Amino acid sequence: MITALPGDTSRLRATVDFVKEQDTATLLPLLLPGLDGPELRTLAERCDFSHAALLVFPPDAAALDTLLADCGLVTDAPPRPSVVVRERLATRHKRPAAHLDVGILRPAVECRDGMRRMVEVFALTVPPGSDLDAVAAHEREHQHEAHVAFEVEAPDPLVLRGLCATFAQYGAVPGGGGYNPHENGTVFYFTAPAEAKAGYRRVELYVPGDHRDILAVHLDEHRKRQPAEALLRLLTGAWTTQALATFARLEVADAMHEEHAVGVTELAEDVGALAPNLTTLLRYLTMLGVVSESRDGFRLTDTGTLLRADAEGSMRSLALMYGGPFYESFAGLGHTVRTGQVAFEERFGENHFDHFARDPELAELFDRSMAAGSRMFDPLPAHPVLTAAPEGATVVDIAGGNGELLGRILSAHPRLHGLLLERPHTVETARGLLGAAGHATRCTFRAGDFADVPAGGDVYVLSRVLHDWDDDRCLDILRHCARAMPDTADLLVVERVLPTDGSASLATAWDLHMMCNVGGRERRADHYAQLFADAGLTLVGHAPLPLDGSVLHARRTGTANTVSRP
């Protein structure tokens, strides 16, 4: 006869009794002393006490069934993988996550207030004689995973941020969390203040859906209190870059699906890899949310799908570029910091424009990687300068790459014409792409340099160009533009603008990247305004774009046109 371990049985029965006796309005003040009145009512309206959780250690599936039955719990579904608890156990006990079989069950119980709530049972399988006995003994003693949980009713980002702030206001400290792709749910852990009276210190907010953006802020707060772990995670950032680049280079995403899992053996055969090694890579990427793991294998997440070559908005080329030439040159960052010399040039013996131009495949990869950030352009065709442009107006895209941005503008505004200025080999690529998009009759192509900016355009565009250069070269480029622009023309400059308040921004990361690999820099808005002024232009507008981008609107100085249009 199979029997459950006595320690697990008594602990689980106590958890069941706790769930039956509590309700949201009673439990919250016990966890957050001082919470009462309107704030308590507001919090209780936004989240419901949903379950209490316990980690148990059955030797096998049959023993787990017996344990649940002994405690009056009924479930008709097998355990689902618990990604968050598995990773926490792996970190805490320095064990490979792949060696920990952690499942999760949520049987429901009838509570005294008439509600049905759940008892969340995490089960780490500990076979007889396993070296996991020490893990089980430690976890039973310290109860790291025992917690109470509240489910957020309406997972609106603003509401979620407010809930996290209220918990912090009453002494709860961020304590980790994670996203579970198997359930499509995001978990926020807190540690209740020492004076909490609930018998639990660990509190969970469970939010249906993928809220990893808000979770990232929560985890940052948690890691600030664990500096050694935070530093270790930062130091392994290079592993992440290479894992993503390898995933892209082997075209693993192209052999996977979003809807269903694919077995590792099949994947390894498709991409020409060793199955055990590919498994290790995929489990690392599971931790990053790129793929998700199930008993049947691995499937792509929305994030991982962006590494497919045929995905809309594919970022595969960026992974190859950042894990390839730019990865090699970043090893010379110290050289750049010490000497001011560009690390890319030190590594490859020439600047990146010349280096890429000598290698057609690398040049194509660079152009595709530039286009991969095209989500930044999504709102740009709706800019007032473009919507107000008259019939037959010409948009001049200076150093416009493969024509991704110009194509978007021409698609949105059939009445406009385009002119693309680029290096000769890139012009031919752009000609093919814009022709295939049906814009050949409305677009002119010109091979040349910044000194060849054509006169007489109505709207001039410089997209992610100025950050490639130092101030002197930027000033030359802007002066070429100013000389070519009629008094009535507009200039739109797309760049990542450095924040003035020190807040986190992709612009700060790209500032480091440009210094190391190109010799350029990102700038603040007032810096751009001064460059414009020195070139005879006036900054008249500044609007945000996705991916921490901005569009700066300038006109020639000293004309009636420097009064911004509504």
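This is a predicted model: local features need pLDDT of at least 70, side-chain atom pairs count only at pLDDT 80 or more; totals for chains, interfaces and linings use all residues.
A cavity is a set of points on a 1 Å grid over the protein atoms alone where a 1.4 Å probe fits but cannot get out. Grid points are joined across faces, edges and corners, and a volume is the space filled by probe spheres set on the points. The largest cavity has a volume of about 90 Å³. Its lining, meaning residues with an atom within 4 Å of a point, consists of S82, V84, V85, I104, R106, E120, F122, N180, E183, V187, Y189 and E204. Two or more of these residues are given by each of α5 (83–93), β5 (116–124) and β8 (185–191). Six lining residues of the largest cavity are nonpolar, two are polar and four are charged. In this classification Ala, Val, Leu, Ile, Met, Phe, Trp, Tyr, Cys and Pro are nonpolar, Asp, Glu, Lys and Arg are charged, and the others, Gly among them, are polar.

A pocket, in contrast, is an open set of points with protein on both sides within 12 Å along at least five of seven lines. The second largest pocket holds about 500 Å³ of space. Its lining comprises 27 residues, of which A399, G401, E422, R423 and V465 are the closest to the centre. At least two lining residues are supplied by each of α19 (360–372), β12 (394–398), α21 (404–412) and β13 (417–422). The largest share, four residues, belongs to α19. By class, the lining of the second largest pocket contains 12 nonpolar, six polar and nine charged residues.

M515 lies in helix α24 (residues 506–517) and is partly exposed, at a relative accessible area of 33%. Buried means under 20% relative accessible area, exposed over 50%, and partly exposed in between (1.4 Å probe, protein chains only).

Of the 566 residues in the protein, 50% are buried. The secondary structure comprises 25 helices and 18 strands, taken as DSSP runs (helices H or I, at least four residues; strands E, at least two) numbered from the N terminus.

Residues are numbered from 1 along each chain as its sequence is written, and side-chain values use heavy atoms, with hydrogens and water left out. Local features need pLDDT of at least 70 and side-chain atom pairs count only at pLDDT 80 or more, whereas totals for chains, interfaces and linings use all residues.
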